[in-house]
Amino acid sequence: MNYLREFFQEFPTKPKFTHGRVLQPGEPYFRCIDCEIIRGESQKTYYCRFCFEQKSHKGHRFLLFNDSTGVETCDCGDEWLLNKDFFCDEHGTCTDIEYREVLDNFPEQFKDNFRLTFS
């Protein structure tokens with residue numbers, strides 16, 4: 001995913017993505033029960049510290065974990081799992097206009113190669 005981020009830094013508009021970063025062993029992370037769309041033990045969602053602290057979760061029920069096993073991922077930006085009102089500014093779904101601007105700014109050779117490969 002990092003290569004995509006580097007690639008999109010060259011464009012005036014950056015699409016937003018689900019964070020998806022794997023948390024490092026021992027790294028603190030959060031679970032905000034009130035931000036979860038699907039609640040219950042079968043589906044748990046997590047925020048890394050950076051994403052969680054960018055939005056106010058005042059009055060929310062949340063848990064702080066200090067014991068990442070290195071398999072948890074940050075779910076910020078995933079509209080299927082979390083309330084999008086509490087995504088950090090870096091993650092989430094881009095608007096149709098943002099998406100079109102990014103696609104319009106791809107180099108023509110890239111677009112041609114993409115079409116040849118996937119059509």
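Trainee: Which cysteine sulfur is closest to the sulfur of C35, and how far away is it?

Mentor: Good place to start! Keep in mind that this is a predicted model. The closest cysteine sulfur to that of C35 belongs to C32, at 3.4 Å, which is too far for a bond. C35 itself is buried, with a relative accessible area of 1%.

Trainee: How many disulfides does the structure hold, then?

Mentor: Let's take the general idea before the case. A disulfide is a covalent bond between the sulfur atoms of two cysteines. To count one here, the two sulfur atoms must lie within 2.5 Å. The structure holds zero disulfides. Take C51 as another example: its closest cysteine sulfur is in C48, 3.6 Å away, again too far for a bond. C51 is buried too, with a relative accessible area of 0%.

Trainee: And which residue stands opposite C48?

Mentor: Y29 does, with C48 sitting in β2. Strand β1, residues 29-32, pairs with β2 in the antiparallel sense over two bridges.

Trainee: In what order do the strands of the sheet run?

Mentor: The order is β2-β1-β3, in an open sheet of three strands with antiparallel pairing. β2 (47-48) and β3 (62-65) are the edge strands, since each pairs on one side only.

Trainee: Now to the surface: which residues form the nonpolar patch?

Mentor: Look for F110, F114 and F118, which together have about 350 Å² of accessible area. F114 is found in helix α4, residues 108-118.

Trainee: What is the relative accessible area of F114?

Mentor: The value for F114 is 45%, making this residue partly exposed.

Key:
Residues are numbered from 1 along each chain as its sequence is written. This is a predicted model: local features need pLDDT of at least 70, side-chain atom pairs count only at pLDDT 80 or more; totals for chains, interfaces and linings use all residues. Side-chain values use heavy atoms; hydrogens and water are left out. Patches are made of residues with over 30% relative accessible area and no salt bridge: like charges are joined within 9 Å, nonpolar side chains (Val, Leu, Ile, Met, Phe, Trp, Tyr) within 5 Å. Accessible areas come from the Shrake-Rupley method with a 1.4 Å probe; for residues, only the protein chains shown count as cover. A salt bridge is a side-chain nitrogen of Lys or Arg within 4 Å of a carboxyl oxygen of Asp or Glu. Helices (H or I, at least four residues) and strands (E, at least two) are DSSP runs, numbered from the N terminus. Buried means under 20% relative accessible area, exposed over 50%, partly exposed in between (1.4 Å probe, protein chains only). Two strands pair if DSSP finds at least two bridges between them.
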